[in-house]
Amino acid sequence: MNYYFLESQYPRRGFISGGTTFTPQLDINYLAIENPLPEGTTAEVELLSTVRNLNVDYFETITGTRHVSDRFKTLLEETKTNIQFIPTTVCYHDGRAVEITYWTAHQLDRLDVFDYERSEYGRKAVIAASVQQPPRKIVKVVSQICLHKERIGEHEFFMLDYINIFKPIVSEDFYEVCRKHRLNLNVTEVGNVSI
């Protein structure tokens, strides 16, 4: 089975992003949070001024949050994921609300499925050795990714653990389900990486 990165850049539309604030306000940087957010947390996204019309089912923000449409959320809830969905208000730069309902997809499953032998990345010998002798080093520069597909199991939507890539991955089967439901997603095949 093939796997795909979900992208926040769309052909003919460009890069979609913005900034996210949470209520109640977070005490630490969002990317450092490893636990569920408190119950009742909400989020607000102000899109960059370059975004004039938002009609996609997935996008990320410069603050590290990932957002899914109501339609995408429904499909994700039917799969094997442990995502916490945070109600999110999304507005254009001028304050107008977007037409679609979005949710912040918090705490995606992180899987240790990166193939350290077949992938190409910086400091390969040092990092590969740290897998066997902790502390584990993070892969920061990747040029080609191979996955241990047998370790992924039934996960349809996940992130890579110990790798400095912040794009979620979807399985080919789940992507086909999304296409049948006419979700507007942009994906690139996991393999060669251009970051």
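Author: A residue is called buried when its relative accessible area is under 20%, exposed when it is over 50%, and partly exposed in between, with a 1.4 Å probe and protein chains only. The model is predicted, so local features need pLDDT of at least 70 and side-chain atom pairs count only at pLDDT 80 or more, whereas totals for chains, interfaces and linings use all residues. Residues are numbered from 1 along each chain as its sequence is written, and side-chain values use heavy atoms, leaving out hydrogens and water.

Reader: Why does threonine 79 count as buried?

Author: Its relative accessibility is 18%, and the limit is under 20%, so the label buried applies. Threonine 79 lies in the loop between helix 1 and strand 8; helices (H or I, at least four residues) and strands (E, at least two) are DSSP runs, numbered from the N terminus. Leaving aside residues up to four places away in sequence, threonine 79 touches Glu156 and Phe174, where contact means heavy atoms within 4.5 Å. The C-alpha atoms of threonine 79 and glutamate 154 are 8.5 Å apart, although the two residues are 75 apart in sequence.

Reader: What makes valine 98 buried, and which residues does it touch?

Author: Valine 98 has a relative accessible area of 11%, which is under the 20% limit, so it is buried. It lies in the loop between strand 8 and strand 9. Not counting residues up to four places away in sequence, the contacts of valine 98 are Leu47, Leu54, Val90, Cys91 and Tyr92.

Reader: Why is asparagine 35 called exposed?

Author: Asparagine 35 has a relative accessible area of 53%; the criterion is over 50%, so the residue is exposed. Its place is in the loop between strand 4 and strand 5, and it touches His106 and Gln107, with residues up to four places away in sequence not counted.

Reader: How do you know that the buried residues of helix 4 line one face?

Author: The buried residues of helix 4 (residues 172-180) are Phe174, Tyr175 and Cys178. Seen down the axis they fall within an arc of 100°, so they line one face of the helix; the arc is that of the directions from the helix axis to the C-beta atoms. These residues pack against strand 1 (3-7), helix 1 (70-77), strand 14 (169-171) and strand 15 (186-189).

Reader: On what basis are the buried residues of helix 1 placed on the same side?

Author: In helix 1, the buried residues are Phe72, Lys73, Leu75 and Leu76. Their arc around the axis is only 165°, which puts them on the same side of helix 1.

Reader: What makes a set of residues a nonpolar core, and which members touch the most others in the largest one?

Author: A nonpolar core is a set of buried Ala, Val, Leu, Ile, Met, Phe, Trp, Tyr and Cys residues joined through side-chain atoms within 4.5 Å. The largest has 33 residues, and Leu47, Leu54, Phe59 and Phe72 touch the most other members. Among the elements that supply at least two residues each are strand 1, helix 1 and helix 4. A second, separate core of 19 residues includes Tyr3, Phe5, Phe114 and Tyr121. Phenylalanine 72 touches several residues beyond four places away in sequence, including Leu6, Phe174 and Cys178.
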